[in-house]
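Let's take a friendly tour of the aromatic rings in this model. Have the sequence and the 3D view open as you read.

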Amino acid sequence: MSASVPRLVIAAPSSGSGKTTVATGLMAAFAARGLAVSPHKVGPDYIDPGYHALATGRVGRNLDAYLCGPELVGPLFLHGAQGCDIAVVEGVMGLYDGAAGEGELASTAHVAKLLGAPVVLVVDASSQSRSVAALVHGFASWDPEVRVGGVILNKVASDRHEELLREALEQAGVPVLGALRRAAQVSTPSRHLGLVPVAERQGAAVEAVAAMAAQVVDGCDLGALEALARAAGPVPGGSAPWTPASPTHHPTRSDEADQQRAPVVAVAGGPAFTFSYAEHTELLTAAGADVVTFDPLRDEELPEETAGLVIGGGFPEVYASELSANEPLRKAVSTLAERGAPVAAECAGLLYLCRELGGLPMCGVLDASARMTERLTLGYRDAVAVGDSVLAAAGTRMRGHEFHRTVVEPGSGAEPAWGVRGPRPRVEGFVERGVHASYLHTHWASEPGVARRFVERCRTS
């Protein structure tokens, strides 16, 4: 694939400016023009990529320079964009907001530079007119390596308001590529951890994406936006697409026999468990697993011949009653764990494995209880594996992300999963038998050995 895929980064001065509306609407608008659109999201967010997938018909993928390292941003982008005509990357927070205390690391600006991509700045113009020029000028000139190629004005009140904004921006030297009126129908409902995932909204999510696309088509110059995307040159650094296959692994006769008896790895899905990076399934498959998705809300049994279980993040607290009521599946998960099968659980998966969640019985794999709190735990973490587990050998370093309003008591088992480094070092999570359960969301592309190790344990357990 050419490393010069046309691309745009949709950014904003701050959160709440309308990045998701514009990025998702633009993806859908380009797709409606017959373009194959590759959707991406800066940072660890799992929810926005679900809306991107609806808009494009392709898996939404994350680009996180903290979790994966800056060196993987270009290759992961090219992997996701293979076979596409254009790529749209939605930013995170404000354009220059990165990992706390780490400078520009993992910011939208950082990712834009790593991709050599032009930036379109989405500005909430609802409470300003001439001041918009000073704002845009500041963002466009702050870092000369970041190319702000245009502005889309959001929440414009009237034709007269738009006229004033455009007059002001003529002095800033940044072209206006669109002006969107206020529109309630494009809003998406939120709750304690942000937007409600697509899997929970179904038809309403489809309608919201269609409304976003209509607004972008009505208010933006799609031709100019596409031309800006096509002006992007090759991705810097001569990057080649990332591949889930191990670059050092060469198949043998033994490997071919193992492929014939590929271990079944069950991956939790459905509305309660929507948080997963696409690369995880790709890595498991490349490692020789037969990956089968199941829904803990509806399926009363694990997939046939399940040899290992992966339970990612999501909202089990929202579905606690339904998860608890599915007693046959809870018992099946407990039985699988008791016999030592590999089980990898992150955040929501950790809660599901507990004895109870908010007083309701869960799987009882871990002798711990979970409950909701008012406190939001949020941020990147630098972690090291405390001991050997089905995911990592002792001493393996990985970076993770926490994002939850729950607490698990106790917070770690006799054998913790991770030691978290930083100003307040701590241990967290559980390693018991074949179980690795933790609050940390990790991106396995940063350490492909994780998936290979897990699948190998599935073969031998």
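Phe139 has 16% relative accessibility, so Phe139 counts as buried (under 20% relative accessible area; exposed is over 50%, partly exposed in between, with a 1.4 Å probe and protein chains only). Tyr96, at 21%, counts as partly exposed.

This is a predicted model, in which local features need pLDDT of at least 70 and side-chain atom pairs count only at pLDDT 80 or more, while totals for chains, interfaces and linings use all residues. Residues are numbered from 1 along each chain as its sequence is written, and side-chain values use heavy atoms, leaving out hydrogens and water.

## Aromatic pairs

Searching the whole structure turns up seven aromatic pairs (rings of Phe, Tyr and Trp, the last by its six-membered ring, with centres within 6.5 Å; planes under 30 degrees apart are stacked, over 60 edge-to-face, the rest tilted). Tyr46 and Tyr277 make a stacked pair, 4.5 Å centre to centre with 25 degrees between the planes. Tyr46 sits in the loop between β2 (37-42) and α2 (48-56), and Tyr277 in the loop between β10 (264-268) and α11 (278-286), so this pair ties together parts 231 residues apart in sequence. Helices (H or I, at least four residues) and strands (E, at least two) are DSSP runs, numbered from the N terminus. Both Tyr46 and Tyr277 are buried.

Tyr96 and Phe139 are stacked too, at 5.9 Å centre to centre and 25 degrees between the planes.

## A ring cluster

Tyr46, Phe275, Tyr277 and Phe315 are linked into a cluster by ring pairs.
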